[in-house]
Structures are given as C-alpha cells and as structure tokens.
Amino acid sequence: MKRNKKLNTLLPWLTLGSSALVLTVPLSVLSCGTTTEKLHADELVKTDEEKKQLSNAEIVKFYLQSLNKIQERANNLLSTAKKEVNKNAAKFILDGNEKDGGKIIGVNNLLKQLKEFETKTKNNELTSTAEFNQKMTEIETLAGDDDNKLNKELNKLFQDPKHKTKKELNDFISNLDEEIKIMIASLESTFDQENISKGQLQTVIDKKIYARTVNAIKTYDGNDYDGSSSFGSEVSQASYIQTGLKLFRVQALNAQVIKEELQKVPGEAKPQQVTIIKYPSFWKYRLEAADAIVLTLKDGTTEVFDTDEVDELPKMDGIKKYNEIYQQHFSSNAKSINSKNFFEKLKKATKMQFTIRSYSWVDKNGNETEYKTNAKDFYYSWMRTNLHAQATRLQSSLPLNEALYDVRKKINDDFSQQSQQYDAKFGEIDKKIDDIVNMLKSDENITEDVRKQKETELTSLTKEKANLEKDLASVKQKYDQDIQANIEAIEKQEAYQLENLVQKHMPSGSELFTKKDKYPNAYLFDLFSVNKEALFNEESFITKISSNEQKVKGRDAVTFEAVKGQNALFGQWLDFLAKGSLFYAAPSQFIQKQLDDKTFSIQPQGANISSEDLSKLKELFNKEEFLKSDAAKFGQYWYGLGLDNTLFAGPYYTKGVESLVEKFVKNKHYFDKEWVNSPETLEGYEIKYQAAPVDVKVFDTQQWQAYEEGTVSEVPFSSLNQTDRNTVLNDKQNKYGLKKRQSLIKDRLIARIVQEIAPVPIGSSSNLKYLFNDGYAKLMWGATTEQISKGEMKSFETYAAGTGLRFRTLIAAAINWAKQIDDQTNGQSKPYIARVAPDAKIDGMDQLDAEIKTPRDAYDDLNSLFALNSDLDKINLGTAGKEVSPTEYAEKAKKETNENEQYKGVGFAEIQKEMKILLDKFFEDNKDLFEEKKVTTIEYKVFYPYINISAHIKEAVKKVIKTINELDSRIKLDLQAPTDSNTFYNSFKTTASAFVGWSYDLQSIASGFDGLSWNTNLLPLLYTIANNSATYQKLEKSFPQLMKASKEFKTWLDAKIASKDLIFNPTVTPEKWEQIVIKHSSEAYVYIQNEQDKVQATDPFTVSAQWWIHYTTDKTNKDLISLANEFTNFLSPQVADGKVEIAKLGFTNYLSQKGYVAPIQEDGIVRYADYKLNKNN
C-alpha cells in the first residue's frame, strides 16, 4: 500500500516511513545497569518496529527506566567530578538550559512530563497502540493521496480526547529518542574528560600527530578519499589534500611571527597596541609528481627547470617591517621553478610539459602495491573529471549518440523555423495593437463611432494573438514530446540502467552520478588560452620531451599547449594548477588491471548495497558495450568509491573511520624520503567525530579542557568563554599557543547564500514544503507558494523592482550588522556584506594610479546600506543620511546601553514607518486572495548554510530575528539551522536560497562579479531588466551603475549574436532566460562556431567571464566599487549567512599547541605534510 507522506510525519514510529538515528557505540562498552557503567544509547531507546509491539504502559515504563538511568549517571558525575566545568555539564544535563539555546531540555523535566503520561495511561485516558495504528491505516486508505481529505479525517479523529492524548504520547516519545541520544553523547563525553589526566594519557605531541574533534556525525559523499576527478579550488576539509598526488603545489615554508606592541599612532595622544608582522610566512612552488618542468619558447628552443629550491630564508632582525603575512620566496638558481628566470620564460612559452617521477602507490593499510605513478595517471584524472557530466558518461557508453544528436538537431531546427514565423506574426499584431492604443490615447477629437470600431478591432487582434499563443504552445508541446521520446530511448539503454543503479547506492545527499553532477570549469582553459581539446587525446596529452638534457630527454610528459594563434597565460595557469584541485593523479595501472581482470565492484563509502543490486551491477559491468566505454576505461563507476577501491600516493594514507576516529598515517613509500624519515614531521593526523551532536556549549567547554590537557591540537579561539579568553590573552609566557593569522581574502566571494531570484519549483509530489508562507511568497516574488512550486511565477518584476526589492532593503538596513558580527565572533570580526573578495585587485582602468586598489581600501563605501520607498528612492535614515556605513553601525552600538537597541540599525524608526507603509499597501492590494487563504502575516525562515550552528552565532542570529520581528507585528521570522546533511541540502530549496560559493578565476573584481552571474542568475536578470524600459527607469535612480552594466551587457550580447559569434539554441535565447530561470528548467547554454564551421556547444561561464573582463577594463576603480555596493543592496545580505565578515584589523587569533611549527598557505589550506614538531618547545 502506498503510504501517505503527511501520515509518516505525523506518526513517525507507527508507520513505515521513518528511520531512527542509531547511536554507534563500540561493542566493548558495558551495558548500563549501574551509575558507574557507561550508558549505551541504543539500549535506552526503542526502534520503530519494537515500539509497534509495545502497549502504552510498556512504552512509558521503558522510557521511565531509561531516563532514571541517565538521571543516576548524571547525579553520579555531579557528586564525583573534581572539575567545576564537568559539574556544570552534569547540571546542564539534569536541568537543561533552553534560554541559552541549548538543545537539552533536561532529564528532570523530561521525567516530570513522562510521569504525567504514566498517570494518564493508568487512568486509561488514551487509545491503545493497536487500535490507534488501525485507525491511522483506515484513514490513509480512505484519503489516498488527497491531503485535504487526510487533514479533515485526522482533525475529526483528534476530536476524541483519547486519540489526541495518544498522538501527544507518540510525539513526545519520538522527540525523546533524540533527546536521549544527545544527553548520553554529552554525558559520556564529559565522563571521558573527567577521567583523563595528562600523566595517564599521551598528548598529541607525544604521539607526533595532529588531532582535532568536530561536533558532527561523519557524513559521506561516496568518493570521499579520492581526488582524481576533483576540480575547483582546494578545500582544507577534503581528505585528498593530504593523501592525493598533484603535479606540483604551493608549500608554506615557515610559521609566521606576529606580535602586539605599543606604538605611537597618528591622532592618538598615548601609544596604542598595534599588531605587527615581525616575520611573514614564506611560500614556494613545490614539485610533487613532476620532477621537472620543460618550457618550449616561441623561438622553438626549450628550457628545463628541474628543481624547486629557494634561497635561504631571511633572518628575523626585528627591524624590517612586513605589510602582508604571506610572502612568495624566490631562488637565485636559474633552473628552479621559483626563479625569476622561470617566470620570465613563462611569458614567452608556447608549451609547458611536466615529466613524472615513478614510485609506488599504496593501499588503505599503507602496503606498497605493484602499481607505479606515471604520466598516464594524469590523463586518467583529466578524463575522470570530464566524466562528471552525465551526458558525457552516457555518451561514452551509448553507440546511438551520434544518431540521437542528428535527430535532436533536426527537431531543434524545425522548431526554430516555426518559432521565427510565429515571432513575425506576433510582431505584426503587436504593432497594430500599439497603433490603435496610441491613437485612442492621443486623439481627443475621435468620434464615438470610430472609437467603437477601433475597440472592436482591438478585441479581434487580442483574440488573434491569444489563438496564436495557443498554437505556438501546441508546437512547443510537440517539440518537447519529441525530445522526451529521444530521452526515453536513452533511458532504455543498459548504460542508463547502470547509471541509476550506481547512483541509488550513493550516500544520502550525494550528487554523484546525477544530472547535477558535472564539470563546469572547462571554460577556464579559454580564459588562459590553453588548448583544452588537445587534452582529450592521449597522444597529445602525453608527449615526448625534445630537449637534449639527459634528465628529461625522450621522457613522457604531461603536456599543455597554447591555443593556436594566441598567447597562453602560462604564469596564471601555473598558479591555477598549484592552488586548484584539477589534476590529482588516478592510478591508471591499477584501474586498467581491474578492468582487464573484471574484478572491480562498487563499494561506496558511507552506503550499503544489497546483494541483489550487487549482482545486477556485476552483470551490467560485464556487458561488452560497457567494457568498451570511457566510463569503464577510466573506472568512473567504481574507482575511489570506497577504501578498497582507492590507492594513495600522497604523504598520508587513510584507513577511514574506526570507532568515530578518522585516522591518516604517514606514507612510508612517499617519494620524499627525507620527509618520510625526519623525526620532525608528523606521523599522522586524526579527526574525531560524534555519534550524535553534543550541545554546543558543552562541546566547546570540553574541547577547551582537552586542549589544556594536550589531547587535541587546536580549538577555535572564538569558542572560548570570556574568562578563558582573558586567561589566554593575559598569559605572558604564551603557554597556550596563541597565534595570529592575517585574513587576506583574494580569491573567493565572502557570502555563502542569497535569496533566489526565483525559488526552485518543488512540485506537488515532493516531500518538501517551502519554509515561507503565501504572504512572503507574494511579497518577494509576486506569486503564491502553490504557483511557485509549479513554476508558474510570472516574472522577475516583483523581486527586481517591486515589493520584494523594497522589503529586502528595509530588512537589511534595519539590522545593526556591526553588533551582530561582533557578538557572533566574540569581537574578532567586523561586517563585510559586499560579497566580492576584499583583497583582490579591483583592476579597473586606473588600477596603477587609483587611491583605492582593493575592495578593502573602500570598506565603508562598499558595505554601506540604504533602504527604498514605494518610488524606489532611498529613504532618509535620520542623522546618517540616506546610506549607512559599517563604521556608523559600530558607533551606534557603542552609544546604546540597551542590547535590544544595539541590535537595531541606524534609522530604525524611519525604516519601521516605511515597513508599515509597504505592508499596509501590500495586504490591501492582495485583500481578496489573503482573505480566502486566511493569510495575515509575512512568515519565513532564514537559512544558516552549515550543519550544526555554534552557540555564539545562534544567539546573535536569534537577537537579529527578534529585531526584525519588531519592525512590524505582521512579520514572523524564524531560523532554519540544519543539524544533518539531508536537512542542509533540502533547506536551499525550502528557504529559496541560492548557494554562491565561488573561487576567482583571475585576481580581479571582474571575477567576483562573474561569481554572481549564474549562481544568483544575475546575468539573466540584468538582460531582462535592460529589455524592459519601465523597470530600467524605476531602478536607474537608486542603482545607476547596475543599470549601466545591464544596458551595456545587452548591447554587448546582442552584438555578439548579430555577428554570429554566439549562436543560441532557439529554446534558450536571452529573451527566454527569465522563464527558464523561473522554471529552473535549463541553463542558458550557447553555441559557438569553431574553425570548421561546425556548431559546438559551450556553457555560459565562458561568455560571462569574457563579458565582465570586457566591462571592467574601461571603468574606474571608483565606479566598480559603486557597482559592487549596488549589487550588495540589490541582492541584500542574508541574516544568517555565517560568512558576511572579515577580521578586524585583518588579523584573527587562533590556538594551536606550542609543540608544532604549523605554517598555513595564503588561501587558508592546511597541509599537515608541511607541519613540523617544534624541537625547541
């Protein structure tokens, strides 16, 4: 029987739709029975199936016993703990602390509530389990998929007090399961901390490891330990950063030295405490898989660079001053890849080749294998990266793709011709309509008879246009049906079955092997003028070295060439490779051997596969057609999916997670034997996860205690309470290892999310529900939640130039961002809501001579906020004028003594008045709709786009929410803070939030703007605005630079289309981008003509990157800062973004044990291979 989704939510353990989170505890843990034994979570809760077999009395009795055991255990801790921090943890578990945002209600309160149910059970005040379950089944059968009928029947059922009380018990027990798991995780972790003493346990320095603990469950993506198909910027959290093998990389050479000193400061009478960079962290390029780089120059000669040595680091003399903490170090050896000679030669190069050293890959146990590193490993990596795209994978498996392409092209061409014919007819009709309308408006002397005649003609033309639209819709429907028929032809192929079967067994939330899985960064090759097409051919990817130098002569080499007739930007390309995730090696010999022997099998990390599906996979894997495909050749469906299918050639290897600890161990077979044998290098590093997230405050307290005892290597300084922070700051001997880092951000957007221009339609069949009501939907997007879910939002107008825009600006300006960021970072950071990287070059036409050279130089102007009235004019915000800077927000927070007032933005009273005007008019305009739907409020949730929000951030965001709700009683704002990966991924859709993670392609603000082009669908919006003169004129007053960019973009793009530099598929022409974005049905892919005049598809990223570089090169830095500020106000910062901040004064405190020399790369990447043990500690 099909089970109703709402019923599953309502009765999580009486129906088949729920899944319990089971706490994983080692079998060695003793079962509970006395207060001295560890509590085992899955012995104190019941599974869904077990609950269905128990009566109400049995359920209540069992959970009373469970809570009593937790109460006894906590009381035992309270009476025996010697450390005050652990006594407080015990009190927290017993009594809870909801006021501070803690998850734990407290076992004493839970016992009290459960005993009330015990009394009701004894008095027979609730329905039996069996009867209640039977009632639910009957209602489900009766309602089917009709939600309205289901709700009606449930409301009727719960009018019976016994049924209602039974539902309340069910809800209580379901929530109690999670409470028990959290309490036990906190309780046992606290006991562990109480029993640890430094004399009994080795410290991390003693073990020669680096260890940290995270307050989260370990989650998987499927290929977690393999980076051979990765791309984009490197991410510290990615394990392959430590275990993988690159051609070459950035190596940090030393730890920075930063001190605070008293110095005379202009404008201050007394010396001030100033942060000084006494000695920077130097870095160099390090050869890894490559043992030499060979350049072919324009004159045909070759140059060989076969060392990465650098000159001796300068001495720290205490005199020389440094402005930046990260400094590139060079070599006087002309053969070094760190010599200025090398960088000069790069400018003249037409070809760059890497010769590859040979040594052994190792398995998950560190055992040496028969497989050696070689140039082909990087060809396999390149092909695996490109096979991310589902279409590419299937194309490699399906022989009918050529025929299919021809059929689809013919359908495209046919539709294009018909569409053009209809467009011509529409143009004729629209002209006639406009002529009549203009005549009726302008001619005051028109006779009544003529007026009636023209109105009749107008009615006739309107009907004719409507009929044409129906006809075109019919043609479009036929076109869609033809395309769908071709898609279905693909889906019947065995390769598509294989694709779906593999994806089925990926961990929950993984996008591997879905339509979303793709490689979107191929356009970067065009920016660097590096020949991408040559890389798909193994013979041109791997070529022989022509140099006569003995070390490299005749060797195979990974080869990159300039695009014919263009100058490749090999200097930027080198930096891109060194700092990016592209070209992590894949063991080609291993993959080929497994393919030859047909011994491969899918074993994804973090997921299970049934024997039936495994058998079917093996059958499909052995099909001759599949074995000939690229997907098979490059191990796409199995290599890297699970540790048994993964090899390692980096400095560390891993066995994965055992007993909640993920261990990484030094690779004894790594090529750098000096590093392997050094007593100063780390033997490994560890990450400890939680069986269930512990309450944030309890976790932070325990981590600080563990840090003091030396059992973890680091803790965030911001997680310390004020007393402990003062202890660390006042420690003159620095025994706590307090350090500072400079927070320069040159290559990424700051913000993480923006409000979607058009929410993703979730459809009526989805389990998901929007976390906003019809009031918010209509206000922000001009459509109801039902219309949005079906993709029936009409246009961008409401969002871009209507109530949505006004509401966003009023909300953003109503918040004191300086106070929020100060509180949620413990005073370490200040607001930065502008999104563009603060320390990248602006790179306008006057970059060399401009007073402001980076966005940080224009901090106040860039991050100022304004609010709009009904005419889209900037409103007066009191004494601050019409725009408020972060400095003015900070000054207001300092002046106010009441915290509630501190959280309010400058000009809050004026904003409050404008909000009332907005909402009064809005509800009046939508009176009929809202009366029918009984909508009286604007309800929505702000999304915190990370898993497990910290206590500091949660507390600050809650205060911001309170401030916003004070603007108007009709606003009902709340927080969406996910604690698991499923909720996290779904929240992007349910809160209509777009992810804007973006790494710069070039060191220029142009690349920052480009990051907004498609992640926020900004370019389709700009083109649509430029196409609508009324919208353009409304926005031009308050957004002059934005409108200028909009107009120039349309002119530039139209010129490209007119010259046929760009040829669009007729279904995705720029005029149709608005509806494409609204329906989230496609990306605006374009077509370009290649040398053979054959049409070849490319993605929109190249077009947008080229556009922004074109636009910014002839604008001043000042104009580009103004544009960035208008973007900030137009898109508006998100209240719970979590990333809209930069460090005050550019430095942040962090804590790392004194026993390490721990250098960090400029981009924040941590490589434990560069860490050393401090022998002087």
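Arg 286 is buried, at 10% relative accessibility (buried means under 20% relative accessible area, exposed over 50%, partly exposed in between, with a 1.4 Å probe and protein chains only). Arg 286 forms a salt bridge with Glu 288, with the closest N and O atoms 2.5 Å apart. The model is predicted: local features need pLDDT of at least 70, side-chain atom pairs count only at pLDDT 80 or more, and totals for chains, interfaces and linings use all residues. Residues are numbered from 1 along each chain as its sequence is written, and side-chain values use heavy atoms, without hydrogens and water.

**Salt bridges**
- The count is 54 salt bridges (a side-chain nitrogen of Lys or Arg within 4 Å of a carboxyl oxygen of Asp or Glu).
- Glu 288 is buried too, at 2% relative accessibility.
- Glu 901 pairs with Lys 904 in a salt bridge, at 3.1 Å between the closest N and O atoms. Glu 901 is partly exposed at 28%, while Lys 904 is buried at 10%.
- Shared partners join Arg 249, Arg 286, Glu 288, Asp 672 and Asp 1170 into one salt-bridge network.
- Asp 435 and Lys 431 meet in a salt bridge, 3.3 Å from N to O. Both lie in helix H14 (residues 401-442), four residues apart, about one turn of the helix (helices are DSSP runs of H or I, at least four residues, and strands are runs of E, at least two, numbered from the N terminus).
- Asp 435 is partly exposed at 40%; Lys 431 is exposed at 53%.

**Aromatic pairs**
- There are 79 aromatic pairs (rings of Phe, Tyr and Trp, the last by its six-membered ring, with centres within 6.5 Å; planes under 30 degrees apart are stacked, over 60 edge-to-face, the rest tilted).
- Phe 513 and Tyr 637 form a tilted pair, 5.4 Å centre to centre with 40 degrees between the planes.
- Phe 513 sits in the loop between helix H16 (494-504) and helix H17 (523-528), and Tyr 637 in the loop between helix H23 (630-633) and strand S14 (652-658), so the pair ties together parts 124 residues apart in sequence.
- Phe 513 is buried at 4%, and Tyr 637 is buried at 1%.
- Trp 638 and Tyr 639 form an edge-to-face pair, 6.2 Å centre to centre with 85 degrees between the planes.

**Charges over rings**
- Lys 218 lies over the face of Tyr 220, 5.2 Å from the ring centre (NZ of Lys or CZ of Arg within 6 Å of the ring centre and within 35 degrees of the ring normal).
- The charged end of Lys 579 sits over the ring of Trp 283, 5.3 Å from its centre.
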